[in-house]
Amino acid sequence: MPLLEVIDLYKYFTIKQGLLAKPVILRAVDGVSFNIEEGETLGLVGESGSGKTTVGKLVLRLIEPTRVKKLEFMGVDLTRIDDRGLRKIRRYMSVVYQNPSSSLNPWWTVGKIIEEPLVRQGYGDPDERRELVEAIMERVGLPLELYNRYPGELSGGQQQRVAIARALITKPKFMVADEPTSSLDASVRASILNLMKELQREFNISYLFISHDLATIRYIADKVAVMYMGEIVELGRVDTVLREPLHPYTQGLLKSVPKIGKKGERFEIKGEIPSLTIEYKHCKFSSRCPFAFEKCRAGRPGLKRVGDRLVACFLYD
Amino acid sequence: MGLHVQDRSVQPGIGNVLEVENLRIYYYTDIGVVRAVDGVSFSIGRGEILGVVGESGSGKSTLGLAIGRLLPNNARIVDGRIVFDGRDITRISEDELRKIRGKELAYIFQDPHRSLNPVMVVGDQAGEVLYYQFNVRSKHTILARVIEAFRKVRISDADKRYHSYPHELSGGMKQRVVIATALIGRPKLIVADEPTSALDVTIQRQLINLLMDIREEYGTSIMLISHDLGVVSELSDSVSVMYAGKIVELGRADAVTEDPLHPYTQALVRSVPRIDEAVESLYSIPGSPPNLANPPAGCRFHPRCPYAREICSREEPPFRKIGDRYVACHLAG
């Protein structure tokens, strides 16, 4: 049984632009399915508007899905759970965001921030909690003299270590990491990614690692799901998908990434993403796809098995 | 094409659009004098793209701002020369400088909002260069030239987009407007500070290709400031690597990024995840960058350098020529 199982997940936002304007529907997540096994990392990669951040919020039940066929975590149906049940299951879930300076309470000390999830759970007495906080601080590489400091006095890398320590203190089984290293310098990013890899082995934790950066995903993830306009277009082992991408969008994305020591790659995906407020009855990538043919403009390709992975493209029918 | 770094960075020559010599820029702050740029020399040839790569606080953006004397009030150029097309920017009057900015020297910043006026249609903004710098008074001529520039940077429906406000455009389109505006004066040099860093991967690629086309077509020189080794490696002819206010390595882009000589460049390259190869563990540089109000003696990288010897903490390494590049390290070569 997978740790997290998601089948046909949808999230539509209704947007009212002005008092008299007709509300429009923004299809942020438009039918997404995936599994995450215990101790595994699924990388969710995509550009702005792909819906990757919304997927992260949905699986944590921070927002309600518009509809979903199955959303199960540790065998518990998250769609039929009451608030008390949700609170109970939440201790096995955690989250780390991109910008630690805005996700950490600036008026709280480092120690209090890391301790807080334990307090909310009613765990132990202050001494026991302090012991756990100090242990986790040590583990994530935070000097104990930072215990009484405030987030604003820390470097970006240290702040992200605080966020990770807070996320791990309840010994969760699952973490959503939404662009956790995107605001960090290269050398700091490397140390945070290495730390997250080590902690995964130690805590046997699963990550949903959300990023726009394919190289980071390649380094940290076991599997990768490539999202475009609210849909997963390709899903498979990270090494096979990034070595030999099948979906034209994945191919274009990969060729677009600037690479060290590769000059003169001029290929580009033309155009920009079309509107998310239109209902598409055809492949959403067809307007930018260099291989699009009649079929692509006539129907929507579903995710189908091609070899060892899943691809949503009529080229592989 | 000015790829011969060794001939330029010490000898001034007519082939260079920009020559920077021993430049020092200090910030006067509450915590003391911050030596953000501390003795930097390089040059950019005509039609050359020079990449300036470094992490936060390395001084790369300060360096870029100094070229057009756009530094904040608490910063001062305390030493050195910035020779732009034969004129020392550090010595000319504000009037002379105004004639250069926007016309011969243009800027592209990471955030197009910083360059665009939110309450003015983008076409009129681009046209201001023609009005103020070239004294074009015909509305018709301005419109035609702006639309031509918009087409050049591949803005679709350029004539309609002329009348758009910035908020009506996507981030990529706004950055195209900024690039078009920069191009209208046919500048000799564009200083581009993280021009694609806020954009999505596919849009970033489109703009990288656009900048390469612009250089090919107009021979514009570009000073490309970026934290992204991939972007710098693909776009630049030569690369200078900055650490703690100094250039530690300068040479051809492929040589510096694929076979770095300075220990900092080596560490930086090994800390970046690669898309084309599986890496088991990334290198992370121990410690953190120095406080530039009180930088370490000797080589500024020595407290974090795995190869540091006694001399490194005592003497500042000279910027030496090794093969066809320059390296500031006692141990290199």
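In this predicted model, chain A and chain B bury about 3,600 Å² between them, and 50% of that area lies on carbon and sulfur atoms. The contact brings together 39 residues of chain A and 45 residues of chain B. On the side of chain A, the residues that lose the most area to chain B are A:Pro258, A:Ile260 and A:Arg266, which together account for 20% of what that side buries.

Two salt bridges are found across the interface of chain A and chain B. One of them joins A:Arg266 to B:Asp213, with the closest N and O atoms 2.6 Å apart.

Within chain B, helix H7 and helix H8 pack with their axes 11 Å apart and at an angle of about 15°. Because angles under 35 degrees count as roughly parallel, H7(B) is described as roughly parallel to H8(B). The crossing of these two helices, H7(B) and H8(B), is right-handed. The table lists the residues through which each helix makes this contact.

| Helix | Residue range | Residues in the contact |
|---|---|---|
| H7(B) | residues 171–184 | B:Gly172, B:Gln175, B:Arg176, B:Ile179, B:Leu183 |
| H8(B) | residues 201–218 | B:Ile203, B:Gln206, B:Leu207, B:Leu210, B:Leu211, B:Ile214, B:Tyr218 |

Sorted by kind, the residues of the contact of H7(B) with H8(B) comprise eight nonpolar, three polar and one charged.

Technical notes
Residues numbered from 1 in each chain as written. Chains lettered and ligands numbered in written order. Predicted model: local features only at pLDDT ≥ 70, side-chain atom pairs only at ≥ 80, totals over all residues. Heavy atoms only, no water. Axes fitted to C-alpha atoms, helices over the stretch in contact; angles between N-to-C directions. Helix = DSSP H or I, 4+ residues; strand = E, 2+ residues; numbered from the N terminus. Parallel < 35°, antiparallel > 145°, perpendicular 65-115°, else oblique. Left-handed = near helix turned anticlockwise from the far one by under 90°. Contact = heavy atoms within 4.5 Å. Nonpolar A, V, L, I, M, F, W, Y, C, P; charged D, E, K, R; others polar. Buried area = accessible area lost by both parts, 1.4 Å probe. Salt bridge = Lys/Arg side-chain N within 4 Å of Asp/Glu carboxyl O.
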